[in-house]
Amino acid sequence: MYQDIAWRVTVILVVAVFLVFAWVALGASQRRDYESIRGRAARARFIVFWGLVLVFTPIIVYSLADLPYPRRIAQPGSAEVITATGHQWRWELSKNQVVAGRPVEFHVEAADVTHGFGIYDTQLRLVAQTQAMPGYTNVLRHTFKQPGSYKILCLEYCGLVHHGMMADLTVVTSE
Ligand SMILES: [Cu+2]
């Protein structure tokens, strides 16, 4: 939905910018007295600048509070920990079955080069991701809502068989 809105807004803005460019280009050959325009332009700039500040400040404050990322609040011990290590070219998971509705904490590392740890759902939509880096452990918390067969793919080109880095993760129902 947001992508759709962003796309429409982008198209409208691109058209608006194009119209302004066209208007400037078409009027560029006419000579006008600059002094009379300068005062008006300065006023218009002042109004546009403070207008944008007034409009966007509440939008930014509101939208920052509504970020789609889960907050990093986790009760210690409540999540199931899975260690995931990226190798050229395979994933090594300490466990490949989890329970839907129960938080999982992936401890993601890499044994050789940087990989991208991406979890895809049954429709092959990306549901969570982090980077797999040598020498670091990135913690990725995710709670699987739907049971099914998930895939872990590499999101960062890591060599010849990058596309072959695939692992299965099964999410089962809690009963
Ligand atoms: Cu890769």
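Residues are numbered from 1 along each chain as its sequence is written, and side-chain values use heavy atoms, with hydrogens and water left out. Because the model is predicted, local features need a pLDDT of at least 70 and side-chain atom pairs count only at pLDDT 80 or more, while totals for chains, interfaces and linings use all residues.

The copper ion is held by C154 through SG, E156 through O, C158 through SG and H162 through ND1, at 1.9 to 2.4 Å. Here, donors are N, O and S atoms within 2.8 Å of the metal (3.2 Å for Na, K and Ca); water is not among the atoms, so sites may look incomplete. Along the sequence, the donor residues follow the spacing C-x1-E-x1-C-x3-H. The arrangement is tetrahedral because the 4 donor atoms subtend angles of 87 to 124° around the copper ion; for four donors, this label requires all angles to lie between 85 and 135 degrees.

C154 is buried at 9%, C158 is buried at 6%, and H162 is buried at 17%. As for bonds between cysteines, a disulfide is a covalent bond between the sulfur atoms of two cysteines. With the cut-off set at a pair of cysteine sulfur atoms within 2.5 Å, the model has 0 disulfides.Salt bridges come next, each being a side-chain nitrogen of Lys or Arg within 4 Å of a carboxyl oxygen of Asp or Glu. The structure holds 5 of these contacts. One of them joins R8 to D4, with the closest N and O atoms 3.2 Å apart. Both residues sit in helix 1 (residues 2-27), where being 4 residues apart separates them by about one helical turn. Helices (H or I, at least four residues) and strands (E, at least two) are DSSP runs, numbered from the N terminus. R8 is exposed at 53% relative accessible area, whereas D4 is partly exposed at 39%.

Another salt bridge pairs E80 with K95, and the closest N and O atoms are 2.7 Å apart. E80 belongs to strand 1 (residues 80-87) and K95 to the loop between strand 2 (90-93) and strand 3 (97-99), so this pair ties together parts that are 15 residues apart in sequence. E80 is partly exposed at 22%, and K95 is partly exposed at 35%. A further bridge links R125 to D121, at 3.1 Å between the closest N and O atoms. In this pair, R125 is exposed at 52% but D121 is buried at 9%.

The surface also carries a nonpolar patch of about 730 Å², made by V48, L52, V55, F56, I59, I60, L64 and L67. Patches are made of residues with over 30% relative accessible area and no salt bridge, with like charges joined within 9 Å and nonpolar side chains (Val, Leu, Ile, Met, Phe, Trp, Tyr) within 5 Å. Accessible areas come from the Shrake-Rupley method with a 1.4 Å probe, and for residues only the protein chains shown count as cover. L67 lies in the loop between helix 2 (34-64) and strand 1, and is partly exposed at 45%.

Finally, H115 is found in strand 5 (residues 115-120) and is buried, with a relative accessible area of 0%. H115 and W89 are 26 residues apart in sequence, and their C-alpha atoms are 9.4 Å apart in space.

Conventions: Buried < 20%, exposed > 50% of the residue type's maximum accessible area, 1.4 Å probe, protein only. Tetrahedral: all angles 85-135°; square planar, octahedral: opposite > 155°, others 65-115°.
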